[in-house]
Amino acid sequence: NIDVSTLVDSDGGLIDRSIYTETSIYAQEQRRIFARSWLFLAHTSQFKKPGDFFTTFMGEDPIIVTMDKTKTIRAYLNSCRHRGVRLCRADAGATKMFTCTYHGWSFDLAGALQSVPNEKAYPEDFDRKQWGLIEVPNVQSYKGLIFGNWDKDAQSLEENLGDMRYYMDAMLDRDPEGTEVMGGVMKWTLEGNWKLAAEQFATDWYHVNMSHASALMVLSPTGRGPKAEIAATPGRQFGSENGHGAGFPTHPKSRFDARPVHEYYDYEALRERLGDAAVEGPMTTGHATVFPNFSYLPVNGSIRVWHPKGPDKMEVWAWVLVDKSMPDEVKDAQRLYNLRTFGPSGIFEADDGENWSEIQAISHGFVTNNVPLNFQMGIGSERNDGTYPGQTSELYSDAAGRAFYRHWSKQMNTPAWHERTEQA
Ligand code: FES
């Protein structure tokens with residue numbers, strides 16, 4: 001294991017860019033970040049009846065998420081216990097059994113090995129009970145979002161989210177009926193380390209004016225774009241000791257950008273339900289990251305995972321999220337607005353992906369890799385402002401980025417559950 005404390009100075013706001021490129025650091029992340037953190041798996045609305053399943057990843061580990069006969073959501077390593085073939089190759093569907101295409105071992109919805117062709121050829125003491133699917137021991141959900149953790153003794157999901165729940169509620173709890181995902185999952189690949197995206201969604205409002213300048217001009221009624229207005233926009237940025245981050249402009253007349261969505265909402269009722277500060281803050285055009293790799297945009301109705309695919313590559317998986325009670329035409333307006341802005345070819349999405357790829361493409365140079373990156377904006381400004389929970393700073397700040405890397409660094413330097421078990 002590499003001691004990353006010399007690579008991340010989260011108090012001083014300096015980051016060594018080798019954390020984006022080094023293969024050995026990437027491998028350590030698989031062990032000490034992805035094998036021990038709460039990772040987003042799926043949305044509860046993807047499972048309606050026993051046997052419904054969805055396949056995803058936790059880090060680079062392939063996962064089947066399914067609803068068992070008792071309607072409990074369970075998650076298994078998507079790898080046959082016999083010779084390791086990917087057991088379920090479909091993205092999603094419904095089944096009674098997961099049957100391996102190589103030699104035909106079959107596993108039920110509870111992960112138990114139920115059938116082995118030519119079982120009599122195995123030794124007498126062959127015990128099917130010993131060869132069930134490897135189960136993710138900890139699966140919990142928060143307001144429709146299902147997360148899994150390989151650490152059975154991890155602090156609960158809600159505890160881990162802590163104050164972040166308040167910021168998430170501005171998206172997840174607008175409707176007493178909750179949320180649902182619409183359509184399938186959009187997936188695309190980007191050249192770039194997964195942290196470039198996760199950190200940006202946690203902390204980086206600074207890029208909006210420059211990176212998205214042309215998109216903002218297109219959307220602006222004057223054609224000039226709201227550049228000056230944005231630069232002067234007040235707002236807050238939340239950073240958590242567990243690495244989560246959320247940034248949002250604050251505005252007394254917060255509104256949704258898609259007109260049918262805006263007209264649908266009863267803002268007074270929302271204020272009563274969530275409080276004025278939530279409606280005027282985290283329910284606006286902000287973005288956020290739940291450490292390590294789940295991010296969302298409340299106004300755009302986008303939830304997404306940045307799946308790591310090697311140090312230089314990530315796969316983006318994005319869902320459209322809507323309130324359950326919305327009429328169909330409002331849901332559709334939200335979906336279209338999502339696609340136009342943050343779909344795979346959305347006008348904002350394309351800007352971000354290009355920046356991350358441009359960072360990654362040059363990061364393997366020896367000298368390049370030895371020049372630190374700057375995360376010093378708003379240093380020392382974190383405080384509890386009495387309005388928003390936890391430690392917050394000005395909107396234009398790297399505070400949540402420093403919090404993200406402080407937690408990343410701590411996790412990378414602390415033995416995980418599998419190492420503690422090995423030592424015991
Ligand atoms: Fe699955 Fe052989 S690898 S049955």
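Reader: Leaving aside its neighbours within four places in sequence, which residues is Leu41 in contact with?
Author: This is a predicted model, and the contacts are computed from it. Once the neighbours within four places in sequence are set aside, the residues in contact with Leu41 are Thr56, Ile63, Val65, Ala75, Ile146, Phe147 and Gly148.

Reader: How confident is the predictor, and what is the mean pLDDT of the chain?
Author: For the complex, the predictor gives an ipTM of 1.00 and a pTM of 0.96. Within the chain, 97% of the residues reach a pLDDT of 70 or more, and the mean pLDDT is 94.

Reader: Which residues have the most contacts inside the largest nonpolar core?
Author: The largest nonpolar core has 96 residues, and at least three residues come to this core from each of domain 1 (4-34 + 164-417) and domain 2 (39-141). Those with the most contacts inside the core are Leu41, Ile63, Ile64, Val65, Phe147, Tyr167 and Ala197.

Reader: Where does Phe147 sit in the strand pairing, and which residue is its bridge partner?
Author: Strand β11 (residues 138-142) and strand β12 (residues 145-149) pair in the antiparallel sense over 5 bridges. They form a hairpin with 2 residues between the strands, where Lys143 takes a positive phi near 45°. Phe147 lies in β12, and its bridge partner is Gln140.

Reader: Which residue stands opposite Ile63 in the pairing of β5?
Author: Strand β4 (residues 52-58) and β5 run antiparallel and are joined by 6 bridges. The hairpin that they form has 2 residues between the strands, and Gly59 in its turn has a positive phi of about 65°. The residue that stands opposite Ile63 in β5 is Thr56.

Reader: On the pairing of β5 with β6, which residue is the bridge partner of Ile64?
Author: β5 and strand β6 (residues 73-77) pair in the antiparallel sense over 5 bridges. Their hairpin has 5 residues between the strands, and among the features of this hairpin is the positive phi of Lys71, near 70°. The bridge partner of Ile64 in β6 is Tyr76.

Reader: Is Met67 buried or exposed?
Author: Met67 is found in strand β5 (residues 61-67), a strand that is mostly covered, with 5 of its 7 residues buried. A residue counts as buried if 20 or more other C-beta atoms lie within 10 Å of its own. Met67 has 21 C-beta neighbours inside 10 Å, and therefore it is classed as buried.

Reader: What separation do the C-alpha atoms of Met67 and Phe53 have?
Author: Leaving aside its neighbours within four places in sequence, Met67 is in contact with Phe47, Lys49, Pro50, Gly51, Asp52 and Ile73. Phe53 is 14 residues from Met67 along the chain, and the separation of their C-alpha atoms is 6.7 Å.

Reader: Which element gives the largest share of the side of domain 1 that touches domain 2?
Author: The domain assignment gives domain 1 (4-34 + 164-417) and domain 2 (39-141), and the contact takes 9 residues from domain 1 and 9 residues from domain 2. On the domain 1 side, at least two residues each are supplied by α1 (23-34), β13 (179-191) and β18 (302-308). The largest share of that side, 3 residues, comes from β18.

Reader: Which residue in β19 does Pro308 stand opposite?
Author: Strand β19 (residues 313-323) is mostly covered, as 8 of its 11 residues are buried, and β13 pairs with β19 in the antiparallel sense over 10 bridges. β18 and β19 also pair in the antiparallel sense, over 7 bridges, and in their hairpin, with 4 residues between the strands, Gly310 takes a positive phi near 95°. In β19, Pro308 stands opposite Met314.

Reader: Why is the chain described as being as compact as a globular protein of its length, and what is its radius of gyration?
Author: The secondary structure of the chain comes to 14 helices and 21 strands. For 424 residues the globule rule gives 22 Å, and the chain comes close to that value, so it is as compact as a globular protein of that length, with a radius of gyration of 22 Å.

Key
Residues are numbered from 1 along each chain as its sequence is written. This is a predicted model: local features need pLDDT of at least 70, side-chain atom pairs count only at pLDDT 80 or more; totals for chains, interfaces and linings use all residues. pLDDT is the predictor's confidence in each residue, from 0 to 100. The radius of gyration is taken over C-alpha atoms; the globule rule is 2.2 Å times the number of residues to the power 0.38. A residue is buried if 20 or more other C-beta atoms lie within 10 Å of its own, exposed if 12 or fewer, and partly exposed in between; C-beta atoms are placed from the backbone. Two residues are in contact if their C-beta atoms, placed from the backbone, lie within 7 Å. A nonpolar core is a set of buried Ala, Val, Leu, Ile, Met, Phe, Trp, Tyr and Cys residues joined through C-beta atoms within 7 Å. Domain bounds come from an automatic or database domain assignment. Two strands pair if DSSP finds at least two bridges between them.
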